[in-house]
Amino acid sequence: MPDLNQSARRGYVLISPPLMYSLVMLAAPLALVVLLSLWSQNYLELDRTFTLDNYIEATTEPLYQLLLGRSIIISGVVTVCTVILAYPIAYYVAMFGGKAKPLLLLLITIPFWTSYLIRIFLWKVILGYNGVINGSLMGLGIIEEPLTFILYNANAVVLTLAHAWAPFAILPIYVSLTKIDNSLLEAARDLGDNAFQRFIRVTLPLSMPGVIAATLVVFIPTVGDYVTPKLLGGTDGLMIANMIQVQFGKANNAPLGSALAILSMVTVGFISIGFVLLSRKLGKVKN
Amino acid sequence: MQKASKFLLLYAVFYFLFLYAPIFLLPIFAFNDSAIISLPLSGITFDWFFLLWETEALHEALYNSVLIASIAAILSTILGIFAARAASRYSFPGKKGITGFLLLPIVLPEIIIGVALLVVMVQLGLSLSAWTVIIGHVLICTPFAIVIMSSAFKSFDVSLEEASQDLGVGKIGTFFRVILPMVTPGLISSFLIAFTISLDEFIIAFFLTGTDVTLPVYIWGQLRFPARLPSVMALGFLMVTLSLILLLIAEYFRRRSVKYTINESTLMAKNEETVF
């Protein structure tokens with residue numbers, strides 16, 4: 001095929017502007033962050049001798065361990081909640097949406113095209129000491145004192161993030177559900193499976209790619225969330241991104257901040273790869 | 001088509017209430033005649049909107065944000081066209097890996113992008129400005145532009161391109177006179193989505209903004225002052241309304257792009273039927 005080379009060449013020419021942009025503006029800066037994490041900050045001076053001190057500090061200092069551990073646990077809980085809550089909705093839209101499917105999908109995304117900051121802040125209004133929940137419950141005479149366990153802790157962060165990332169979980173699951181061949185479900189029905197068995201044995205396994213995609217799309221970015229823990233987390237809900245920001249800002253220790261950023265990215269990367277491999281293995285065993 | 005069980009339907013209703021709960025509160029507190037954001041409500045006022053009209057710093061932030069979002073949306077749509085055209089029209093070794101790398105910012109925490117660009121600027125001794133924010137926003141908007149433009153190019157009929165070239169129009173002429181007009185709806189949709197993402201982005205702007213404060217960075221500053229909150233609610237209400245309008249326009253053009261190309265191809269199919 002003489003065409004292939006020409007086609008390949010044209011493809012490379014076309015893809016090179018966006019590729020160059022990403023290499024220069026993303027890959028190179030990330031490489032520089034790695035380099036910086038191997039240097040150290042001497043008050044105002046940057047010491048350019050290679051050292052692993054930042055990584056040693058980032059992994060041994062209890063505060064950083066706590067924050068990274070908490071970030072991963074909070075993100076993990078957020079991911080599980082978001083995906084489990086999203087599945088029935090994706091299922092509902094995919095299976096029973098009919099002609100209203102595009103409208104329902106649009107309705108799901110509309111709340112998320114509003115200011116992210118204000119949306120997060122509104123949760124503070126809902127959960128606050130004088131907030132909507134406490135106000136209504138006290139107005140109805142159900143409680144006498146405002147509930148305090150709903151704001152400024154990890155619960156509030158989980159709830160708010162589960163809300164903020166809902167469409168990112170719904171859409172991939174929805175896509176995988178619509179791809180399921182209806183004849184498979186009919187075959188299962190003909191072979192005597194009831195609705196529940198059909199769901200467990202056919203629908204759920206075939207929608208797993210969507211569930212896995214949803215899990216990754218929610219888990220990876222939420223580990224690095226800054227706004228929600230800062231606004232709703234109190235001191236018990238702060239996460240690693242808040243510490244990274246402090247190191248680049250007030251603490252003026254960019255090398256340590258870089259090491260923390262790299263460490264969290266690597267940790268998240270390993271967990272994600274582990275998750276994908278595990279789910280593949282489980283999928284194979286079942287088959 | 002089966003009927004959904006009552007339980008599932010009920011669940012869907014509650015889920016939608018959960019999704020919309022914060023948004024419903026916005027107009028309530030934007031028009032509430034009280035300086036404190038809490039229940040019970042006291043009365044209706046338009047004061048908070050007038051206050052917005054008089055706040056100079058807000059206007060400046062809005063101007064910066066619109067400027068940044070426009071440039072970022074144009075640049076990312078252009079990059080998206082290149083990548084989408086390459087991916088949908090040509091095959092070359094490493095295509096999957098390269099597109100995967102270009103789409104990476106979708107899953108990368110935004111704080112990492114902010115930190116990485118900040119490190120570069122500081123090390124090169126460059127000062128932060130609207131341009132540094134634009135650089136970051138182009139990175140996160142391009143993946144969305146690529147996805148939208150890819151679907152636009154995929155529904156585009158290659159034979160039209162071949163016809164144009166057979167009629168003696170060059171490659172560049174064909175691109176501007178045939179391909180681009182056909183994918184215009186996708187183009188508009190990509191621009192609007194990228195514009196909305198950039199307009200709303202906080203973390204990257206927070207790290208890279210310098211003195212050219214963007215709207216979200218301005219709002220972030222206001223959230224610390226309880227007295228400013230009612231006007232933040234009013235601002236939020238205006239922004240919701242605006243982004244809804246933009247989203248509906250984007251959706252309209254996206255649908256039209258799909259419908260348009262489908263009509264074209266069905267028309268061709270019909271023509272073929274009559275010819276043969």
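**Exercise 1. The chain A–chain B interface**

Find how many residues of chain B are in contact with how many residues of chain A, and describe the chain B side.

*Solution.* This is a predicted model.
- Start with the count: 63 residues of chain B are in contact with 65 residues of chain A.
- Next, locate the chain B side. Several helices of chain B each supply at least two residues, among them α3 (56-89), α6 (130-154) and α12 (229-275).
- Pick out the largest share. α1(B) provides it, with 13 residues.
- The side of chain B that touches chain A holds 51 nonpolar, eight polar and four charged residues.

**Exercise 2. A helix pair in chain A**

Work out how α8(A) is oriented against α11(A), and list the residues that make the contact.

*Solution.* 
- Take the geometry. Helix α8 (residues 166-178) of chain A packs on helix α11 (residues 208-223) of chain A at an angle of about 165°, and their axes are 8 Å apart.
- Classify the angle. Angles over 145 degrees count as roughly antiparallel, so α8(A) is roughly antiparallel to α11(A).
- List the contact. From α8(A) come Phe168(A), Ala169(A), Pro172(A), Ile173(A), Val175(A), Ser176(A) and Leu177(A). From α11(A) come Pro209(A), Gly210(A), Val211(A), Ala213(A), Ala214(A), Val217(A) and Val218(A).
- Sort these residues: 12 are nonpolar, two are polar and none is charged.

**Exercise 3. The largest nonpolar core**

Name the residues that touch the most other members of the largest nonpolar core, then trace the contacts of Ile170(A).

*Solution.* 
- The core has 164 residues.
- Those touching the most other members are Ala86(A), Ala90(A), Ala169(A), Ile170(A), Ile173(A), Val115(B) and Ala194(B).
- α6(B) gives the largest share of this core, 15 residues.
- Now set aside neighbours of Ile170(A) within four places in sequence. Ile170(A) is then in contact with Ala86(A), Ile89(A), Ala90(A) and Ile108(A).

**Exercise 4. Two partly exposed residues**

*Solution.* 
- Buried would need 20 or more.
- The C-alpha atoms of Ile78(B) and Ala145(B) are separated by 8.4 Å, although these residues are 67 residues apart along the chain.
- Exposed would need 12 or fewer.
- Most residues other than glycine have a negative phi.

Methods. Residues numbered from 1 in each chain as written. Chains lettered and ligands numbered in written order. Predicted model: local features only at pLDDT ≥ 70, side-chain atom pairs only at ≥ 80, totals over all residues. Axes fitted to C-alpha atoms, helices over the stretch in contact; angles between N-to-C directions. Helix = DSSP H or I, 4+ residues; strand = E, 2+ residues; numbered from the N terminus. Parallel < 35°, antiparallel > 145°, perpendicular 65-115°, else oblique. Contact = placed C-beta atoms within 7 Å. Nonpolar A, V, L, I, M, F, W, Y, C, P; charged D, E, K, R; others polar. Core = buried A, V, L, I, M, F, W, Y, C linked by C-beta atoms within 7 Å. Buried ≥ 20, exposed ≤ 12 C-beta atoms within 10 Å, placed from the backbone.
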